[in-house]
Amino acid sequence: MADTLVTEVAENLFRIRLPMPFGLDHINVYLLKEPDGVVLVDCGLDMPESHQKLDEGLAQLGLSPDRLTDIFVTHAHPDHIGQLERLRRLAPGAHLYLHRREYQPLQERLTDQTGVTHRMSNWLERNGVTQLSGGMAGSGVNYLPEIHPGDRLLAGGESFRFDKPSLANPTTQDRIQGAWEVFWTPGHTAGHYVLYNRDRRLLLSGDHLLGSISSNIGKYPGSTDDPLGDFIASLEQIRHLDIGEVLPAHGPTFSNYLERIDDLEDHHQVRLGRIYAALEGGPRTAAQVVETIWGDRARGFHRILALGEALSHLERLRLEGRVVAEETSDRVWFRAA
Ligand SMILES: [Zn+2]
């Protein structure tokens with residue numbers, strides 16, 4: 001079951017499970033096959049095995065990449081946006097949907113590479129990371145999608161439907177029967193969004209809401225100011241939706257989303273407590289907090305993820321008045337208030 005390439009998860013909605021060579025060994029992309037659209041949600045990694053499996057999955061559905069009419073990218077991580085460039089080459093007429101807050105850092109990365117690199121090393125240094133093994137390479141996507149006429153840089157609140165030709169690409173503010181609504185869910189990334197179909201009670205949740213793993217909620221250069229606060233608020237937004245099934249980007253479909261939201265919020269509460277406790281002995285840099293909480297589990301690239309996690313929690317504690325951040329000329333120190 002876990003290895004099934006294509007699964008029909010709802011009427012005309014197919015999950016295609018693409019391989020990844022990491023601890024997390026797959027990503028689910030979704031294909032909506034409707035009379036007025038062949039819609040892909042997320043793209044998979046830019047690797048030959050992933051290309052091949054996507055094409056194979058499409059072929060099982062009697063399709064090929066050139067038939068795609070619309071491509072939604074929930075956020076710009078490599079497993080979600082990786083194949084986009086290839087797919088746009090194969091399906092030049094397909095429309096792209098990316099959140100504007102996600103597009104902006106990609107644009108910056110390309111137009112101001114020196115500035116971005118400088119901000120990143122400055123960020124590491126000020127937070128107490130002195131030597132880094134493994135490096136930062138591979139952490140981002142050095143690709144800026146071209147925006148064509150008909151593409152949409154989203155803000156959240158848009159609705160789209162593909163099952164009735166007359167109503168394709170609506171722009172009206174009124175709720176449209178059967179439509180997929182865009183909810184901006186910052187937290188995992190600044191411009192992450194999910195797609196919700198109220199009539200079908202389905203949520204395409206990307207990495208925002210996963211059934212068995214908690215996605216990284218980190219504060220990095222380019223993040224929103226308070227990623228953890230945003231993430232919790234984004235979860236609360238989902239809590240109020242009526243959902244029959246959540247279709248996540250990793251792991252199986254699930255329906256106990258309220259329980260899952262509670263679990264995730266508890267998980268971050270516990271982590272806030274542990275990070276607060278790590279400041280018991282006096283002021284600490286974020287890197288020292290990482291050492292206390294994660295120790296040897298945070299090496300190489302995982303150290304960067306852990307640093308981001310520590311900082312998103314420290315910032316939340318700071319905003320709650322429980323922690324004070326003090327900047328010296330070369331470091332940021334956190335202490336209990
Ligand atoms: Zn992600």
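**A conversation about the fold, its sheet and its cores**

Me: What stands opposite Val182 in β10?
Reply: In this predicted model, Val182 stands opposite Leu195 in β10. The two strands concerned are β9 (residues 180-184) and β10 (residues 193-197), which pair in the antiparallel sense over 5 bridges.

Me: Which sheet do β9 and β10 belong to, and what is the strand order?
Reply: They are part of an open sheet of 5 strands, ordered β8-β9-β10-β11-β12, and the pairing is mixed. At the edges are β8 (159-160) and β12 (245-248), each of which pairs on one side only.

Me: What holds strands of a sheet together in general?
Reply: Strands pair through backbone hydrogen bonds, in either a parallel or an antiparallel arrangement.

Me: How do β10 and β11 pair, parallel or antiparallel?
Reply: They pair in the antiparallel sense, over 3 bridges. Leu195 has Leu204 as its bridge partner in β11. The hairpin of β10 and β11 has 4 residues between the strands, and Arg201 there takes a positive phi near 55°.

Me: And β11 with β12, parallel or antiparallel?
Reply: Those two run parallel and are joined by 4 bridges. Leu204 has Leu247 as its bridge partner in β12.

Me: Is β11 (residues 202-206) buried or exposed?
Reply: Strand β11 is largely enclosed by the rest of the structure, because 5 of its 5 residues are buried. Leu202, Leu204 and Gly206 point one way, while Leu203 and Ser205 point the other way.

Me: Where do side chains point in a regular strand?
Reply: They alternate between the two faces of the sheet.

Me: Changing topic: how many helices and strands does the chain have?
Reply: The chain has 9 helices and 14 strands. Its radius of gyration is 20 Å, close to the 20 Å that the globule rule gives for 337 residues, so the chain is as compact as a globular protein of that length. The C-alpha trace spans about 65 × 40 × 40 Å along its principal axes.

Me: What percentage of the 337 residues is buried?
Reply: Buried residues account for 41% of them.

Me: Which residues of the largest nonpolar core touch the most other members?
Reply: They are Tyr30, Ile71 and Val73, in a core of 56 residues. Strand β3 (residues 26-34) supplies the largest share of this core, 5 residues. Apart from this core lies another, of 16 residues, including Val290 and Leu307.

Me: What is Val73 in contact with, leaving aside its neighbours within four places in sequence?
Reply: Its contacts include Asp42, Cys43, His80 and Leu98.

Me: Now the helices. Which residues of α6 are buried?
Reply: In helix α6 (residues 227-239), the buried residues are Pro227, Leu228, Asp230, Phe231, Ser234, Leu235 and Ile238. Seen down the helix axis, they fall within an arc of 160°, so they line one face of α6.

Me: What covers them?
Reply: The cover for the buried residues of α6 includes α7 (257-277) and α9 (301-319).

Me: What span should the 14 residues of α5 have?
Reply: Helix α5 (residues 113-126) should span 20 Å at 1.5 Å a residue, and its end C-alpha atoms are 20 Å apart, which agrees. Just after α5, Gly128 takes a positive phi of about 95°.

Technical notes
Residues are numbered from 1 along each chain as its sequence is written. This is a predicted model: local features need pLDDT of at least 70, side-chain atom pairs count only at pLDDT 80 or more; totals for chains, interfaces and linings use all residues. Two strands pair if DSSP finds at least two bridges between them. The radius of gyration is taken over C-alpha atoms; the globule rule is 2.2 Å times the number of residues to the power 0.38. A residue is buried if 20 or more other C-beta atoms lie within 10 Å of its own, exposed if 12 or fewer, and partly exposed in between; C-beta atoms are placed from the backbone. A nonpolar core is a set of buried Ala, Val, Leu, Ile, Met, Phe, Trp, Tyr and Cys residues joined through C-beta atoms within 7 Å. Two residues are in contact if their C-beta atoms, placed from the backbone, lie within 7 Å. The expected span of a helix is 1.5 Å times one less than its number of residues. The arc is that of the directions from the helix axis to the C-beta atoms.
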